[in-house]
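Biologist: I'm new to this one and would like a close look at a single part. Could you walk me through a spot where helices pack together?

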Amino acid sequence: MRKIFGSSKTFFDVIIVFQKVIIMLDNDLLLKILKKTLSCGGEYADVFVENRKPVSIQLEDNKIDKIFSGQDSGAGIRLILKGKTYYAYTNEMSEKTLMELAQSLINVSTISGKDISIDLRKQKPDIKFKIKLLPEDVPAAKKIELVRLANKTARNFDKRIRQVITVYRDIVQKVQIAHLYGSSKDAFIAEDERIYTTVFVNVIASDNGIVQTGYEPAGGLIGFELFEKVNIEELALTAAKRAIRMLTSKRASGGRMPVVISSEAGGTMIHEAIGHGLEADLAQQGLSVYSDKLGNHVASTFITVIDDSTLPNKRGSFRFDDEGSQSQSTVLVKEGVLVNYMHDRLTAMHDKTVSTGNGRRESYHNRPIPRMTNTFIAPGKSDPEDILKSTSKGLLVKKMGGGQVNTVNGDFVFDVQEGYVIENGMIGEPVRGATLTGNGPEILKSIDMVGTDLGFSIGTCGKDNQGVPVGDAMPTLRIPEIVVGGEV
């Protein structure tokens with residue numbers, strides 16, 4: 001079955017569905033596809049080949065609810081012509097199908113072809129990551145034992161715990177990316193193997209009509225040795241204690257007040273409040289409050305924001321991005337000044353600059369777009385304890401919940417999963433139901449203390465109906481005044 005559909009935006013998709021074949025392509029075929037795709041006179045072409053093997057085990061209601069494993073292989077071909085993207089993908093890996101796919105892009109672009117001569121060269125990664133224990137070498141029974149132990153530990157903590165959901169996942173993803181600029185005679189190929197292992201425990205507690213949750217994840221670009229660093233019982237207890245603690249807490253008081261966000265809270269705020277706004281496609285389309293702000297002060301001088309896919313074992317790390325660009329560390333905001341956006345190749349061509357290694361896609365089904373990797377506020381110079389002690393009253397955020405942001409104007413709202421009253425510079429009683437509401441640029445400009453610590457959180461970031469693994473982090477910091485939602 002073949003479907004072709006278009007959009008009023010800047011891309012088209014061609015979908016061909018056949019039986020799955022697990023294979024990587026040889027260099028001669030990759031070169032042939034690139035030459036064919038660019039024979040229409042385009043500025044750029046790439047081929048993305050993927051073989052993905054996921055495993056997922058979910059325990060709910062004291063029983064193994066889902067076990068999934070499988071394999072999926074396919075290839076996507078992209079053409080950039082006159083600033084527009086044409087993309088096609090298939091899970092049939094024969095030469096005939098792939099060349100038909102390339103021809104489909106040419107047909108859609110309606111440009112006559114020309115012959116070109118290119119040389120395909122293999123790139124070596126600048127960064128090497130070591131995986132000690134491949135998840136596929138670990139018996140399924142051992143993975144099931146993990147989720148059972150987490151479930152038992154959480155449930156035994158308190159009789160008010162009503163539900164526990166424990167999920168273990170690992171993915172082995174092998175990718176092959178070949179790319180070529182139309183103005184160059186050199187084509188490049190990059191290969192990467194990404195092994196992700198994650199686990200999370202979600203606990204729901206209720207009493208007297210009040211329901212609270214505790215959630216705790218762990219994982220990254222790491223093998224099963226993750227559990228040499230992460231004790232699954234401690235992880236489950238952390239989630240269970242948080243649910244019970246919030247269950248017995250009074251409701252947070254609302255109003256404008258100082259807020260200290262602990263490094264333990266993770267980087268949800270930085271991810272939402274500024275991260276998405278620094279993705280170059282949104283900035284170029286005028287859909288970011290940070291559009292056309294390069295060189296401007298967008299945050300306090302205490303704030304430096306970095307996106308770094310080279311960090312060992314972090315969930316947003318890789319050797320090459322999904323366009324074959326080397327992983328790298330990119331300073332986005334330096335001491336409050338906006339110095340860069342996160343670029344893929346298309347946005348870099350538009351701005352006449354180079355990719356920052358942020359071209360990412362969920363799978364071969366998707367075209368790459370600018371995405372965050374591991375995004376964080378760099379540690380500052382203040383002792384975290386001094387930040388708390390110097391705050392006479394307010395709210396301490398120990399764990400962030402979900403959040404959302406309007407990238408056009410920077411307005412955001414975040415849930416606080418675990419919070420405490422600050423009284424005379426000390427941690428007071430826990431409170432529940434707090435939210436943080438503000439404007440990204442205004443809040444970032446107001447931050448007056450940044451700690452020397454740094455705490456990471458993990459997640460899967462959604463954008464344009466694609467999800468990719470990311471890491472986020474912040475040091476302990478203080479916002480002198482922000483709107484806290486709660487009881488007034």
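At what angle do helix α3 and helix α5 pack, and how far apart are their axes?

Modeller: Bear in mind that this is a predicted model, with residues numbered from 1 along each chain as its sequence is written. Local features need pLDDT of at least 70, side-chain atom pairs count only at pLDDT 80 or more, totals for chains, interfaces and linings use all residues, and side-chain values use heavy atoms, without hydrogens or water.

Now, your pair: α3 takes in residues 140-157 and α5 residues 232-247, and they pack at about 35° with axes 8 Å apart. (Helices are DSSP runs of H or I, at least four residues, numbered from the N terminus; axes are lines fitted to C-alpha atoms over the stretch in contact, with angles from 0 to 180 degrees between N-to-C directions.) The crossing of α3 and α5 is right-handed, meaning the near helix is turned clockwise from the far one by less than a right angle.

So who touches whom? From α3 come Leu146, Leu149, Ala150, Thr153, Ala154 and Phe157, while α5 brings Ile232, Glu233, Ala236, Leu237, Ala240, Lys241 and Ile244; contact means heavy atoms within 4.5 Å. Sorted by class, that's ten nonpolar, one polar and two charged residues (Ala, Val, Leu, Ile, Met, Phe, Trp, Tyr, Cys and Pro count as nonpolar, Asp, Glu, Lys and Arg as charged, the others, Gly among them, as polar).

The α1 and α2 crossing is right-handed.

Terms used:
Helices (H or I, at least four residues) and strands (E, at least two) are DSSP runs, numbered from the N terminus.
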